[in-house]
Structures are given as C-alpha cells and as structure tokens.
Amino acid sequence: MACAVTLLLAACQDKPPVPTPADLQRAELATPDDAQLAQKYARSCHTCHANRASTAPLARFAADWQPRLPQGPAVLLGHVRDGFKGMPARGFCNDCSDQDFEALIAFMSTPANKD
Amino acid sequence: MHRISRRKALQAAASVALAPAVCARAADAPATAPAAMPTAIGTTRTAGPTGVAWRNWSGSSSGVAASLQTPSDVAALQDLVRATGGTVRCVGAGHSFAPLVPTDGTLVSLDRLSGLVRHDSTAFSATFWAGTRLAQLSRQLDQAGLGLRNLPDIDVQSFAGAISTATHGTGAELPAMHADVQALQLVLPNGTVLECSPTRQPDLFAAAQVSLGSLGVITQATTRVMPAYNLKRRVWLKPVDVLLEQAPELARQHRHFEFYYLPFTGYAAGITHDIHAGSDTLQPDSADEDMLRELRRLRDWLGRFPDLRRWVAHKLIDPAQTEVAQDRSWKLLSTQRPTKFNETECHVPREHGIACAREVIRTLERRNEVFFPMEFRFIQGDNAWLSPFYRRDSCSIAVHAAVGEPYDYLVQEIAPVFRKFNGRPHWGKLHGHTARDLPGLYPRWKDFLEVRAQLDPKGRMLNPHLRSVFGLSAQA
C-alpha cells in the first residue's frame with residue numbers, strides 16, 4: 001500500500017533528488033577543514049543541511065546543489081544574508097562574515113568526490 | 001541518514017488516503033493561492049544606516065534594532081550590557097510567534113556562546129552555553145553517552161530561548177525543559193554575573209527559569225541528563241472520538257504520547273514513543289511535507305463543502321495503516337519544520353484537556369479554510385514561577401495556520417476557549433492573555449514582578465510586548 005501511494009504521489013509531483021544512505025551518512029559526518037569555519041558549520045548549518053527532513057539542500061550532495069549553483073555566488077550569498085524560503089537570514093550564524101558564508105556555501109555545495 | 005519526524009505519522013494517514021483524489025486534481029489549476037507574505041526569516045542586518053532589521057521565523061513579528069551584537073564570552077557580554085544605555089533583548093532562532101524580541105535598542109545573539117561546557121556522567125548533569133541550539137546540544141550529549149529526558153519537536157532553538165519560554169515536549173510524567181535545569185548563570189542588567197540554583201538563591205532561580213529574557217541574559221544552564229537512549233515510535237490512525245476517549249490512558253501507558261487531529265477528516269493520528277532497548281534503527285522517509293500538501297489540497301478542492309470534504313476523507317483514509325520508527329531519542333523527538341506556520345498554544349489543567357480539545361475542534365471547524373493539524377500533548381507540572389505548568393500537570397493544545405493565510409482567528413476565536421478552561425498561554429506563541437488575566441493564573445506572579453523590578457529597575461530588558469504582558473507603563 002505504501003509503495004502504491006508513493007507511486008501515485010510521484011506521478012503527480014516533482015520530487016527532489018533522493019540521496020542514498022551513503023549520501024546522508026556523508027552529510028552527517030562532513031565538516032570543513034578550517035577549524036573556525038567547522039565550529040560555525042557545526043553550530044549553525046549542520047542541523048538543517050545534514051538532515052533531509054529540513055528540505056534544505058544536503059551538504060556534499062551534488063544533485064541538490066546543481067539547480068542552485070548556476071544562479072551564481074552573489075545570488076546564493078544574498079539568499080543566506082537576507083533569508084530565502086526556508087533559509088533563515090544569516091543562517092543562524094550572526095557572527096559569520098560574507099567570506100564565511102561564501103566558504104560555507106562552497107563547502108556544502110562541493111560534491112564529496114571533488115575534495 | 002534518513003529520519004522521520006513526528007508529523008510523518010500524519011502523512012501515513014493523509015497522503016495515503018488522499019493521494020488518488022489529489023493526483024486527479026493536481027493537473028488542474030490550484031483552487032486557491034495563498035496571499036503573498038514577506039519571507040519569514042530570522043535575524044538579519046540591513047546594509048543601510050537605519051539599524052538592523054529582524055523578523056521571526058513565521059513573519060508574525062518584526063522590528064528594527066539599533067545594533068546586533070554577538071559577544072564572544074561572558075566578559076564581553078558584561079561590557080556590552082554596561083556600555084549599552086538602552087534596551088537589550090536576546091534573539092535566538094526566531095521561533096517565538098509572540099513579539100518577544102523586537103526592540104529599537106540592542107539585539108544580542110548568543111551564537112558565539114555555544115557548545116558543551118562540562119558534563120558529569122555520574123551525577124547525570126551537563127552544562128551548556130546558552131546559545132547552543134538544541135540539535136547541537138543533543139548531538140554533543142550523545143557523543144558523551146548522554147541525552148535529555150525530553151525534547152520539543154523543533155530542534156533549532158537556542159537552549160536559553162527554549163528554557164526561557166517554557167518550551168516543552170510531550171509525556172505525562174516528563175516536565176518542560178526548564179524544569180530539568182539545575183543551575184543558571186545570567187548576566188544581569190547591571191553587568192554583574194548571577195549564579196543561581198535550587199540551593200543558591202532559590203527564589204531568583206525559580207523566577208529566572210522561565211523569565212522571557214526579562215531578568216538578564218542567560219549565559220549558561222546546567223541540566224539534568226540521562227544515559228543516551230533509543231526510542232521506538234508508533235503512529236496509527238483512529239476516529240478522533242475514539243482517540244479522545246483513549247488519550248488519558250495512552251498517556252499513562254507510554255513514555256511519550258500525543259495526537260494530531262486532522263481537520264475535516266474525523267480522524268486523528270496517535271503517536272507514542274517508548275524506550276527501545278535494542279540498537280537497531282528503522283528510519284522511514286520523512287513525508288511531513290506531503291501530508292500537509294495533501295491536507296491543503298483537500299481543503300482547496302472541497303473546502304466549501306465540509307460534509308463532502310469529510311465524506312471523501314473517510315472514504316480515502318485507510319485506518320489500518322501504522323508506522324514504526326526506531327532511532328536515537330533526539331533524532332525521533334525533534335526535527336525541523338520546512339512548512340512555515342503561525343501558532344497559538346495553551347496549557348490547560350490535565351483534567352480539562354480532552355473537553356478543551358473537543359471545543360477547540362468544534363471552534364476550528366466553523367472555518368472551512370482550516371487544514372493544519374491540531375496538536376495535543378501532555379506535560380508534567382513544575383515549580384518555576386512563570387511556568388505555564390506551575391504546580392499543575394497539564395495538557396497542551398496547539399492550533400496552527402499556514403504562513404500566507406489569515407491567522408487572526410487563532411487568538412480571536414481560540415483564546416476564549418482556552419480561557420474557559422483556565423488555560424495558561426505558551427509564552428512564545430500567539431495568545432490573547434493580558435496583564436489583567438495573568439495574575440490570576442500564576443500564584444507567584446507578584447513575586448516575579450518584584451524580582452524583576454529588583455534586578456532591572458530601569459526596565460532595560462523589556463520591550464513593548466513584555467511591558468504590556470507585565471502590566472508596566474511604556475516608560476521605565
């Protein structure tokens with residue numbers, strides 16, 4: 001029954017890309033190399049960007065970032081700074097600089113196999 | 001890793017049941033389009049010289065502050081409080097719907113005061129910086145082999161914000177988060193540091209546990225913890241009258257029990273969480289958003305025909321469905337909410353809970369546009385002076401409206417029902433209670449106001465909303 005329902009829903013809606021368990025595990029464990037950035041990532045970004053339930057683009061999961069990256073870094077930075085849809089303004093990081101935000105976007109949007 | 005959130009349960013009912021009808025309708029134009037609303041966001045800085053614009057998560061509260069400060073440690077916060085002449089208000093995740101934050105003075109974010117300070121695995125206590133968000137707090141505790149006894153259903157709030165507003169989860173024998181706090185450290189309006197606990201300045205502690213940021217800035221909180229544990233969640237559907245009958249007994253039988261009523265369907269989803277001794281996990285995909293989408297579409301499709309809407313829902317919902325999930329406690333109890341909403345919530349004496357829920361449902365279903373589930377939870381009483389659970393075991397009833405849709409009725413029409421049942425409002429939610437109502441609901445109200453006046457005689461920690469709630473004039 002559940003499968004049938006899923007199919008019915010899938011037939012009438014655009015579904016986001018589905019990460020594999022390995023993608024989700026990678027998002028859960030990933031952290032920036034820079035210690036200060038890692039601290040900000042852990043307290044501000046990780047909660048939503050490592051959790052599929054948030055619907056935020058998953059860290060290190062290329063399929064979630066591909067539709068967003070073509071907008072360019074300035075637009076993405078603006079979305080972080082000012083808020084956009086589910087993204088809270090400043091992403092729960094009130095002490096982050098624009099450079100921090102750019103580095104955090106770059107970290108999260110870089111596919112895991114391109115480090 | 002896949003996680004399911006608590007409202008996943010509802011999707012098991014709603015999306016399963018409604019999918020065929022909704023798919024049939026989905027090709028058509030949407031029946032109603034929500035009115036445009038400003039994007040709901042948290043704190044933000046404007047580029048101009050006019051200050052810092054801020055808006056809460058849902059967009060129900062906003063303002064422009066003179067500045068936003070992020071002190072790096074307690075000493076920096078003390079300096080800031082001493083050097084700042086005007087009002088100081090703290091900002092967390094912006095998940096309060098009531099206007100607790102807006103000020104034309106200084107906003108203080110505790111983002112840099114974040115993380116685990118120390119823990120004691122023998123005494124089962126842990127001290128956190130006040131700005132730690134609940135998800136990070138839970139993760140750090142888990143890494144230490146520990147966990148909180150209970151959690152609210154959203155995990156992005158700051159620890160101090162959750163404590164200060166009496167944020168709670170569900171569980172007949174589990175209290176709200178502030179009741180597990182064993183000690184607090186605050187920077188007072190005069191810049192000094194206050195340490196308090198049940199044995200060290202106990203009256204100040206009882207006042208400060210739930211104080212809405214009005215006594216000072218909480219910098220650290222020590223909380224009771226327990227060994228890390230796993231939970232098993234079960235979700236099932238029942239006709240709402242059946243579940244309302246069974247709810248008190250279910251709350252007695254299970255560590256956590258709550259239910260959601262699905263408006264205009266006649267069905268409610270029961271949700272239990274109990275200790276799971278095994279380490280095996282079951283992580284069904286989250287489909288909360290699908291559930292809400294289907295309930296909204298049913299409303300859009302048949303909202304003007306409530307009897308037909310109910311009949312269709314009955315035909316499509318499969319009450320045999322259940323769902324089971326197993327995981328770490330914090331991963332099941334608390335998550336995020338992609339769909340934004342506005343909300344009112346009140347806490348009524350436990351013996352009145354079911355009767356109040358019945359009346360709230362009747363009141364809600366006078367409005368055909370309602371589709372968001374109503375939430376019903378159990379909370380154990382505690383002793384904090386401004387706790388809505390002060391010395392009474394309670395049931396909480398929460399009613400939501402999607403962002404972009406009217407929500408005035410949450411207060412105008414639901415508040416009278418809450419009042420009738422002697423409800424105490426959730427401090428962070430929209431509510432209609434005023435300074436005239438509150439002294440009668442809180443036996444230590446006057447004592448709290450005296451402590452507040454003693455610690456903050458100039459009212460530097462108050463914004464217009466708090467002045468109104470406390471019955472104080474606009475001037476200090």
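## Salt bridge of B:Arg419

B:Arg419 is partly exposed, with a relative accessible area of 36%; buried here means under 20% relative accessible area, exposed over 50%, and partly exposed in between, with a 1.4 Å probe and protein chains only. B:Arg419 forms a salt bridge with B:Asp437, and their closest N and O atoms are 3.2 Å apart. A salt bridge is a side-chain nitrogen of Lys or Arg within 4 Å of a carboxyl oxygen of Asp or Glu. The pair links distant parts of the chain, 18 residues apart: B:Arg419 lies in helix H12 (residues 415–420) of chain B, and B:Asp437 in the loop between strand S21 (424–425) and helix H13 (438–441) of chain B. B:Asp437 is partly exposed too, at 24% relative accessibility. Helices (H or I, at least four residues) and strands (E, at least two) are DSSP runs, numbered from the N terminus.

## Basis of the model

This is a predicted model, in which local features need pLDDT of at least 70 and side-chain atom pairs count only at pLDDT 80 or more, while totals for chains, interfaces and linings use all residues. Residues are numbered from 1 along each chain as its sequence is written, chains are lettered from A and ligands numbered from 1 in the order in which they are written, and side-chain values use heavy atoms, with hydrogens and water left out.

## Other salt bridges

Over all chains, the structure holds 33 salt bridges. In one of them, the side chains of B:Arg133 and B:Asp111 meet at 2.9 Å, N to O. B:Arg133 lies in the loop between strand S7 (125–129) and helix H3 (134–143) of chain B, and B:Asp111 in the loop between strand S5 (106–109) and strand S6 (116–120) of chain B, so the pair ties together parts that are 22 residues apart in sequence. Both ends are buried: B:Arg133 has a relative accessible area of 3%, and B:Asp111 one of 4%.

The salt bridge between B:Arg310 and B:Asp307 has its closest N and O atoms 3.8 Å apart. Both residues lie in helix H8 (residues 306–316) of chain B, 3 residues apart, about one turn of the helix. B:Arg310 is partly exposed at 24% relative accessible area, whereas B:Asp307 is exposed at 61%. A network of salt bridges links B:Asp153, B:Arg337, B:Glu343, B:Glu345, B:Glu375, B:Arg377 and B:Lys429.

## Chain B overall

Chain B has 15 helices and 21 strands. Of its 476 residues, 63% count as buried. The chain exposes about 16,800 Å², of which carbon and sulfur atoms supply 51%; accessible areas come from the Shrake-Rupley method with a 1.4 Å probe, and for residues only the protein chains shown count as cover. Among contacts (heavy atoms within 4.5 Å) between residues of chain B at least 6 apart in sequence, 73% join residues at least 24 apart.

## Antiparallel strands around S14 and S16

Strand S14 (residues 230–239) and strand S16 (residues 267–276) of chain B pair in the antiparallel sense over 10 bridges; two strands pair if DSSP finds at least two bridges between them. Within this pairing, B:Leu231 stands opposite B:Ile275, and B:Val235 has B:Ile271 as its bridge partner. S14(B) is also joined by 7 bridges to strand S17 (residues 322–328) of chain B, and these two run antiparallel. Here B:Arg233 stands opposite B:Ala325.

S16(B) also pairs with strand S15 (residues 256–262) of chain B, in the antiparallel sense over 7 bridges, and B:Tyr261 stands opposite B:Ala268 in S16(B). S15(B) and S16(B) form a hairpin with 4 residues between them, and B:Phe264 in the turn has a positive phi of about 60 degrees. In S16(B), 8 of the 10 residues are buried, so the strand is largely enclosed by the rest of the structure.

## A parallel sheet in chain B

Three strands of chain B form an open sheet in the order S3-S5-S4, with parallel pairing. Strand S3 (67–69) and strand S4 (88–91) stand at the edges, each with a single partner strand, so one side of each is left without a neighbour in the sheet. Neighbouring strands of this sheet are turned by 30 degrees against each other on average, direction ignored. S4(B) and S5(B) run parallel and are joined by 4 bridges; the bridge partner of B:Val91 in S5(B) is B:Ser109.

Methods: Axes are lines fitted to C-alpha atoms, for helices over the stretch in contact, and angles run from 0 to 180 degrees between N-to-C directions.
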